[in-house]
Amino acid sequence: MRNRDLPRTYRVKSFGCQMNVYDGERMAELLAAKGIAAAPEGEEADLVVLNTCHIREKAAEKVYSDIGRLVKAGKEAGRKPMIAVAGCVAQAEGEEIMARAPAVGMVVGPQAYHRLPEMIARAARGERATDTEMPADAKFAALPARGLGGRKSAPTTFLTVQEGCDKFCTYCVVPYTRGSEISRPYRDLLIEAEKLIEAGAREITLLGQNVNAWSGEDGKGRPVGLDSLIRALAELPGLHRVRYTTSHPNDVTDGLIAAHAEVDKLMPYLHLPVQSGSDRVLKAMNRSHSAESYLKLLDRFRAARPDIALSGDFIVGFPGETGTEFEETLQLVDAVGYAQAFSFNYSPRPGTPAATMDGQVPPDVMYERLQRLQAAINRDQLAFNAASVGKRCKVLVERKGKHPGQWLGKSPWLQSVFFEGEASIGDLVEVELAEAGPNSLAGRLVETALA
Ligand code: SAH
Ligand code: SF4
Ligand code: F3S
């Protein structure tokens, strides 16, 4: 590679989970703090960061097609963008990327992106650099403070509190790409939350690969769990709502369930992945919970907060899954009545135990099962939305809708709600829900800006 100028503009493209969105924001802040400006909409950037996801095959393949597109667009414009590959594909396949894509100048893992500025300087000197070091301890301390330079926050934003996973489900790459479980310190999180609120955040979603495995010490040095962190955040003036995702059934505590009964600002929504309704499959997945123990947990959440909206994740076609075992997943879906759920075809991931298990399910069988599962989920989602019609609820306004005078916000149950009338982004307003579709509701504004 030849010597080149330092980039003046950047663009960060994040794929995958919400934690990647959070990391993308932190990278953007870091680059801005180093004097690199966000590329204006529609303009090519000098530096493009592809913040990638490795969870399923399709997600990972996207990286190479994106690199190809960037190189082509650069050629047409007579320039060569500096390309950095970040995120989980960078962690898992850094060397392959460097070998396969000469246009990539930097590969930086999810726990090393605080060193991006040094890598950019090296890239400008013509050196290609890879940094996929773990663990994460150093990263958060090294990043610039939130809201620096008067940066605004969206009304609803993410805050990573926990990273990594020690669960090793047999299908999953996350323990390898994100490393082992770490919890960020209580004090740092409260400071970051205050900064986000100052910058305009009204709802904070606490993030972790196993967010409810978060643990720390409170201001008095007492050991505390996620519920205490939620309670402390709920005390912060200016913040209307707290959410958290993704939880693991094995890390649910009595305290977390109680928080749903006692903390008003904690929204009545729980994303608790289960993956399958078959105990044999759950065992082969190394999930260490059963279908029944999962259902019992949900009952306890419902007892604490009867209107709680439930969400989950499912994998169909895990190696060895029989037709009968798949039926058990459908039965579990019927039993729960999800407000929302995410389902995926099993994707063999290199290096995971399930990838070499016997009984890989043929694609046509997998697709047929996925379609049946998604039909059941859509049915329940629509039923949940339809049951909300006639209710009045608070809606946090997130953005303008497509039509003039229209706004879009979220209900406490994370439903998208469209309404018309007087409002501004970041307002909490009262809306009567009037019409339900599978993915959103239409409402009538009852009261403007409540808080
Ligand atoms: N930590 C979270 C989820 C992480 S990944 C949890 O344990 O619940 C998000 C979802 O992607 C998973 O819940 C699972 O449903 C899906 N997923 C993970 N690995 C997958 C694979 N190899 N094939 C298909 N789906 C997968
Ligand atoms: Fe992956 Fe399982 Fe860890 Fe979730 S708990 S991140 S599915 S290994
Ligand atoms: Fe994807 Fe990594 Fe998130 S693999 S789902 S970006 S933790």
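## The six-stranded sheet

Six strands make up an open sheet, ordered S2-S1-S3-S4-S5-S6, with parallel pairing. The edges belong to strand S2 (37–38) and strand S6 (129–131), each of which pairs on one side only. Strands here are DSSP runs of E of at least two residues, and helices are runs of H or I of at least four, numbered from the N terminus. Two strands pair if DSSP finds at least two bridges between them.

This is a predicted model, in which local features need pLDDT of at least 70, side-chain atom pairs count only at pLDDT 80 or more, and totals for chains, interfaces and linings use all residues. Residues are numbered from 1 along each chain as its sequence is written, chains are lettered from A and ligands numbered from 1 in the order in which they are written, and side-chain values use heavy atoms, leaving out hydrogens and water.

Let us look inside the sheet. Strand S3 (residues 47–52) runs parallel to strand S4 (residues 82–86), and five bridges join them. Leu-50 stands opposite Val-85 of S4.

## Strands S15 and S16

From S15 the chain passes through helix H12 (residues 323–336) to reach S16, a right-handed β-α-β crossover (clockwise from the first strand over the helix to the second, with the strands pointing away from the viewer). Ile-315 has Phe-344 as its bridge partner in S16.

In a regular strand, side chains alternate between the two faces of the sheet. Strand S16 (residues 340–345) has Ala-341, Ser-343 and Asn-345 on its covered face, and Gln-340, Phe-342 and Phe-344 on its uncovered one.

## Around Asp-251

Asp-251 sits in the loop between strand S13 (241–245) and helix H9 (254–262). Asp-251 counts as buried because its relative accessibility is 18%, where buried means under 20% relative accessible area, exposed over 50% and partly exposed in between (1.4 Å probe, protein chains only).

Beyond its neighbours within four places in sequence, Asp-251 is in contact (heavy atoms within 4.5 Å) with Lys-167, Asn-210, Asn-212 and Ala-213. The side chains of Asp-251 and Lys-167 make a polar contact at 2.8 Å; such a contact is a pair of N or O atoms within 3.5 Å and, within protein, one must be able to donate a hydrogen and the other to accept it, with residues adjacent in sequence counting only if both atoms are side-chain atoms.
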